[in-house]
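Subject: Structure for you to look at

Hello,

Here is the structure I promised, with its sequence. Please open it alongside this message. My notes follow below.

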Amino acid sequence: MPKINENFLKLEKNYLFINIAKKINAYIAENPDKKDNIIRMGIGDVTLPIAPCVVEAVKKGAEEMGVKETFKGYEDSGAGYDFLKEAVAGYYKSFGADVKPSEIRISDGAKSDCGNIVDIFSDDNVVLITDPAYPVYVDSNLMNGRKVIYADCSAENGFCPEPDYSVDADLIYLCSPNNPTGAAFNKEQLKTWIDYAIAKKAIIIYDAAYEAFITEDNIPRSIFEIDGARNCAIEICSLSKTAGFTGMRCGYTVIPDELEVVASDGTVVNISQIWGRRQGSKFNGVSYPVQCGAAAVFTEEGQKQIKENIKYYQENARIIGETLDKLGIWYTGGVNSPYIWLKCPDGMGSWEFFDYLLKEANVVGTPGEGFGKNGAGFFRLTSFGDREKTKIAMQRIEKLLSK
């Protein structure tokens, strides 16, 4: 009789956003006349279309697949076509991070790689994760029975905790700008984590999926802008929010050549090589037309077009922040991130505030508790919605909370 991986039984029964959908559907069932009035600011999905130059590049790639001379089958390596890796490396150089094309592997997005990267590490590693956190960091490790410990984030530390040298960790998940809190490490803060990782001989798994939303000069776009990172860090990034690829699926993971660990028999193991072996066994690569579209993102015209969409979301974030400022509600995010992380008013719990907003204002956000114990009493709003709906939602919230 087959045995299941009983670590799955330790997880919450449903993924956070499934629970949210159930609550919304239950409310609509009781109030069918409210269905079209609900404004959703919970799930971090983009709403603007893909940039025109990207669409044209995807079309061209698809047309090439229909011609014998330019048809593409399996990729030789599954690591991505050279034209895209070279484009990504050029993008890194534009903000001062030295990354070689050979150190880049193209993926179907940051979520997959954030979860899959731990396949190459032993199950007896201790994993340090900031709390609150994107659920995939925690769930992926619990599924394999790893011990997970937490670095506490709070309003007092601006949701950017410092490392604690009394704590020993083997793997460290950092996300900056952060999902869900919107907080971002500055260069000095990130350097403290690099120093900690080197001292502990640990590896940082750095999720940079929201780097394109950074506006402040002292906030690094990549961990590889910081000295020492090449000896202790893996960086995972995505085009989902940068270029609207949530439905297209493309991202990339960077593992420096220098990154190595020592196996139990004393053998020096190159992390990039072992990750490549894992991917070669379990992943066949991203489709050629999608990679063509991804390469267009990094052209001069592509950067111009995607930045217009990013500015749109940044203005939505400004509108949300302006409303919270009027109401005197504490929050982080919005400036370098599409997420706004706010303190629930009047001492409400995060699920209590979710229900209150849904029923009284027909606005949906994400309860902070869904991201960890330190999310209790906090709430996430996203700026990825329609401009007019964002304005209406803020008007409703301002009216409701001004009573």
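**The core**

The largest nonpolar core holds 127 residues, and I117, I172, I204 and Y252 have the most contacts inside it. Helix α9 (residues 300-327) supplies the largest share of this core, with seven residues. Keep in mind that this is a predicted model.

Take I117 as a way in. Setting aside neighbours within four places in sequence, I117 is in contact with Y173, I205, I234, I255 and W275.

**Strand β3**

Next, look at β3, residues 126-131. Six of its six residues are buried. In a regular strand, side chains alternate between the two faces of the sheet. Here both faces are covered. V126, L128 and T130 are buried on one side, and V127, I129 and D131 are buried on the other.

β3 has these strand partners:

- β4 (residues 147-152) runs parallel to β3, and six bridges join the two. V126 stands opposite K147 in β4. Between β3 and β4 the chain passes through helix α5 (residues 135-142), and this β-α-β crossover is right-handed.
- β5 (residues 171-175) also pairs with β3 in the parallel sense, over three bridges. In this pairing, I129 stands opposite Y173. Y173 is also one of the contacts of I117.

**Helix α8**

Helix α8 covers residues 288-297. Ten of its ten residues are buried, so the helix is largely enclosed by the rest of the structure. The buried residues include Y288, P289, Q291, C292 and G293. What do the buried residues of α8 pack against? They pack against α2 (52-65), α3 (82-94), β2 (104-107) and α9. Helix α9 is also the one that gives the core its largest share.

**S350**

Last, a single residue. S350 is found in helix α10, residues 350-361. Is S350 buried or exposed? It is buried, with a relative accessible area of 0%. The cut-off for buried is under 20%, so S350 qualifies.

Leaving out neighbours within four places in sequence, S350 is in contact with C344, P367, G368, E369, G375, A376, G377, F378 and F379. For a sense of scale, S350 and G80 are 41 Å apart in space, C-alpha to C-alpha, and 270 residues apart in sequence.

Best wishes

Terms used: Residues are numbered from 1 along each chain as its sequence is written. This is a predicted model: local features need pLDDT of at least 70, side-chain atom pairs count only at pLDDT 80 or more; totals for chains, interfaces and linings use all residues. Side-chain values use heavy atoms; hydrogens and water are left out. A nonpolar core is a set of buried Ala, Val, Leu, Ile, Met, Phe, Trp, Tyr and Cys residues joined through side-chain atoms within 4.5 Å. Buried means under 20% relative accessible area, exposed over 50%, partly exposed in between (1.4 Å probe, protein chains only). Helices (H or I, at least four residues) and strands (E, at least two) are DSSP runs, numbered from the N terminus. Contact means heavy atoms within 4.5 Å. Two strands pair if DSSP finds at least two bridges between them. A crossover is right-handed if, with the strands pointing away from the viewer, the path from the first strand over the helix to the second runs clockwise.
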